[in-house]
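Try each task before you read its solution.

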Amino acid sequence: HLSDIGASSAIGGTVAFTGLVGSICGGIFVDKIGGSQGLQGVYKCLLFNSLMIAIALPLGIGAMFTYNFGGFMFLFTLGVFFIFTITAPVNASILSIVRHDVRTYAMSFSVLTIHLIGDFPSPTVAGAIADSFDNGCSVRDQEWDCKNATATNCFWVPPKDHSNGHCINEYETRNAMVIVYAFIFISIPVWMCVALRAKNKMAEAQKLEEDNHINSSVYNVAVQAE
């Protein structure tokens, strides 16, 4: 129940700060584990990404069910921080897994896809999900009618900035955000599939190298025998 300015400042400031710090920390960790060094680096980065999302999801969902503002901000900040730590590993994985001559195209396509999906349909979809939890509150256009509908968790938003007051379901945004966090979970099995593919490629490359070494040894033995 914060004011618009208070809510925007708290959430926006947190996202901006954790976005910067989280991205830097993720980049430092990538350098430490050699995440930009071939398929082995890709494998490590994707495992790291899956772990960070697995940590971020319960923190974010926990924040949505916390009624204390301090507790909410603490969990929300940690959750967003861990989400942003995957920025550098994702980019390192893309640069490492594609051919050198298409690296620029791969990065530009990645950024385009992120903005194409994240900037346009995502807010609309999240809003539609929130509206699905309205439970009839939005049709109550009178303050007294909204406040009397306690059984449906209706909450009256007073007039602000020359706009009329309106009635909403108190938990519709929370429920929508929980579903959005659940969508983020899909990234874990997707990354794990790519990680396993990279691991198989490494195993194939290692086997090929061993076979070549054996063949080379056999050839040398044969030449010496002659």
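**Exercise 1. Is Phe109 buried, partly exposed or exposed at 45% relative accessibility?**

Step 1. Recall the cut-offs: buried means under 20% relative accessible area, exposed means over 50%, and partly exposed lies in between, with a 1.4 Å probe and protein chains only.

Step 2. Phe109 has 45% relative accessibility, so Phe109 counts as partly exposed.

Before going on, a word on the source: this is a predicted model, where local features need pLDDT of at least 70, side-chain atom pairs count only at pLDDT 80 or more, and totals for chains, interfaces and linings use all residues. Residues are numbered from 1 along each chain as its sequence is written, and side-chain values use heavy atoms, with hydrogens and water left out.

**Exercise 2. Describe the protein as a whole.**

Step 1. List the elements. Helices (H or I, at least four residues) and strands (E, at least two) are DSSP runs, numbered from the N terminus. The protein has nine helices and two strands, and their order along the sequence is α-α-α-α-α-α-α-β-β-α-α.

Step 2. Look at burial and surface. Of the 226 residues, 30% count as buried. The protein exposes about 14400 Å², of which carbon and sulfur atoms supply 66%; accessible areas come from the Shrake-Rupley method with a 1.4 Å probe, and for residues only the protein chains shown count as cover.

Step 3. Turn to contacts, meaning heavy atoms within 4.5 Å. Taking contacts between residues at least 6 apart in sequence, 65% join residues at least 24 apart.

**Exercise 3. Why does the pair of Phe29 and Phe48 count as stacked?**

Step 1. State the rule: rings of Phe, Tyr and Trp (its six-membered ring) pair if their centres lie within 6.5 Å, and planes under 30 degrees apart count as stacked, over 60 as edge-to-face and the rest as tilted. By this rule the count is four aromatic pairs.

Step 2. Apply the rule. The ring centres of Phe29 and Phe48 are 4.5 Å apart and the planes are at 20°, so this pair is stacked.

Step 3. Phe29 is in helix α1 (residues 4–33) and Phe48 is in helix α2 (residues 38–64), so the pair ties together parts that are 19 residues apart in sequence.

Step 4. Phe29 is partly exposed, at 35% relative accessible area, whereas Phe48 is buried, at 10%.

Step 5. Take another pair. Tyr105 and Phe109 have ring centres 6.0 Å apart and planes at 25°, so they are stacked. Both lie in helix α5 (residues 103–118), four residues apart, about one turn of the helix. Tyr105 counts as exposed, with 56% relative accessibility.

**Exercise 4. How do α2 and helix α4 (residues 87–97) pack?**

Step 1. Two packed helices are described by the angle between their axes and the distance between the axes. Axes are lines fitted to C-alpha atoms, for helices over the stretch in contact, and angles run from 0 to 180 degrees between N-to-C directions.

Step 2. For α2 and α4 the angle is about 155°, and the axes are 9 Å apart. Angles under 35 degrees count as roughly parallel, over 145 as roughly antiparallel, 65 to 115 as roughly perpendicular and the rest as oblique. Therefore α2 and α4 are roughly antiparallel.

Step 3. Find the contact residues. They include Val42, Cys45, Leu46, Phe48 and Asn49 of α2, and Pro89, Val90 and Ser93 of α4.

Step 4. Compare with α1 and α4, whose angle is about 50° and whose axes are 6 Å apart. These helices are therefore oblique to each other. Here Ser23, Gly26, Gly27 and Val30 in α1 meet Thr87, Ala88, Pro89 and Ala92 in α4.

**Exercise 5. Which residues does Asn49 touch, not counting residues up to four places away in sequence?**

Step 1. Asn49 lies in helix α2 and counts as buried, at 0% relative accessibility.

Step 2. The residues that Asn49 touches are Ile86, Pro89, Val90 and Trp191.

Step 3. Repeat the task for Ser93 of helix α4. Ser93 is buried, at 7% relative accessibility, and with the same exclusion touches Val42, Cys45 and Leu46. Ser93 and Leu46 are 47 residues apart in sequence and 7.5 Å apart in space, C-alpha to C-alpha.
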